[in-house]
Amino acid sequence: ARVIIEQARRLGLMVEQVVTAVRIDDRQLDLVLTPVRVDNLLADVIADVRQRSQRDIKLDDQLESTIIPADALYLRQSLGNLIDNAVKFSPANTPVEVTLRSAPIPDRVEIAVTDHGIGIAETDRPILFTQFGRVYNGRTRGISGSGLGLYIARYVVEQHHGVITVHSQEGQGATFVVTLPVETNLA
């Protein structure tokens, strides 16, 4: 029963990814930005991934109570995609580290998701954020995924007037950094 439940959950997540990707392609993904406490949103995402994966995910929150303009549903999905990838592409005995901090650019925050896994070769980076972009090699064989998570994450982050970057060395893990504007017009 546990295996059936897990497979049903994975199928549900895959369907959600495909539906979101189709809405992006059809230009029908309408984001509604409202003030959101980024620390609470991130804590919810981490708790969900931690519960599903049973992995050690550490949060270093350097910005308690920071408000960002966000579509909580889609930003949650995008950050979940990044953390899920960090879990999938790193050994079970290593932690995934999530850091919420001020960005070097004024009125911006950064969310960094770091793993200590297989890393990404420089030659593979151009396909990372493309639709169905998957790296296929001996290190990724047997790791499931649709190739839509980073495509969706990039689109959603850009719709939030943000940027997503990756820093990685093959065999030494990866860090994905999402930079987003903070809410500056609080009444």
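How many residues lie between β4 and β5 in their hairpin, and which residue in the turn has a positive phi? I began with this, keeping in mind that the model is predicted.

**Entry 1: the hairpin**

I found five residues between β4 and β5, and the turn residue with the positive phi is Asp107. I noted its phi as near 60°, a positive value in a residue other than glycine. Asp107 sits in the loop that links β4 and β5.

I then looked up how the two strands pair. β4 and β5 (residues 108-115) run antiparallel and are joined by six bridges.

β2 (residues 57-61) and β4 (residues 96-102) are parallel, with five bridges. Asp60 has Thr99 of β4 opposite.

β6 and β7 (residues 174-181) are antiparallel and share six bridges. Here I noted Ser168, which is opposite Ala174 in β7.

As a reminder to myself, side chains in a regular strand alternate between the two faces of the sheet.

**Entry 2: a helix on the sheet**

**Entry 3: α2 with α3**

I wrote down first that a packed pair of helices is described by the angle and the distance between the axes. For α2 (residues 38-53) and α3 (residues 72-88), the angle is about 45° and the axes are 9 Å apart. The two helices are therefore oblique to each other. α2 passes α3 in a right-handed crossing.

I listed some of the residues in this contact: α2 gives, among others, Leu41, Leu42, Val45 and Val49, while α3 gives residues including Leu75, Leu79, Ile83 and Val87. Arg52 of α2 and Asp84 of α3 are also in the contact. Sorted by class, the contact has 10 nonpolar, two polar and four charged residues.

**Entry 4: α3 with α4**

I then turned to the packing of α3 with α4. Their axes are 9 Å apart, at an angle of about 140°. I had to check the cut-off here: only angles over 145 degrees count as roughly antiparallel. α3 and α4 are therefore oblique to each other. Their crossing is left-handed.

From α3, the contact includes Tyr74, Leu75, Ser78 and Asn81; from α4, it includes Gly149, Ile152, Ala153 and Val156. By class, I recorded seven nonpolar residues, five polar and no charged ones. Leu75 of α3 is in this contact, and Leu75 is also in the contact with α2.

Last, I looked up His161. Its phi is positive, about 65°, although the residue is not a glycine. His161 is in the loop between α4 (149-159) and β6 (163-168). Is His161 buried or exposed? His161 counts as exposed, because its relative accessibility is 55% and the cut-off for exposed is over 50%.

Key: Residues are numbered from 1 along each chain as its sequence is written. This is a predicted model: local features need pLDDT of at least 70, side-chain atom pairs count only at pLDDT 80 or more; totals for chains, interfaces and linings use all residues. Side-chain values use heavy atoms; hydrogens and water are left out. Axes are lines fitted to C-alpha atoms, for helices over the stretch in contact, and angles run from 0 to 180 degrees between N-to-C directions. Helices (H or I, at least four residues) and strands (E, at least two) are DSSP runs, numbered from the N terminus. Angles under 35 degrees count as roughly parallel, over 145 as roughly antiparallel, 65 to 115 as roughly perpendicular and the rest as oblique. A crossing is left-handed if the near helix is turned anticlockwise from the far one by less than a right angle, and right-handed if clockwise. Contact means heavy atoms within 4.5 Å. Ala, Val, Leu, Ile, Met, Phe, Trp, Tyr, Cys and Pro count as nonpolar, Asp, Glu, Lys and Arg as charged, and the others, Gly among them, as polar. Two strands pair if DSSP finds at least two bridges between them. Buried means under 20% relative accessible area, exposed over 50%, partly exposed in between (1.4 Å probe, protein chains only).
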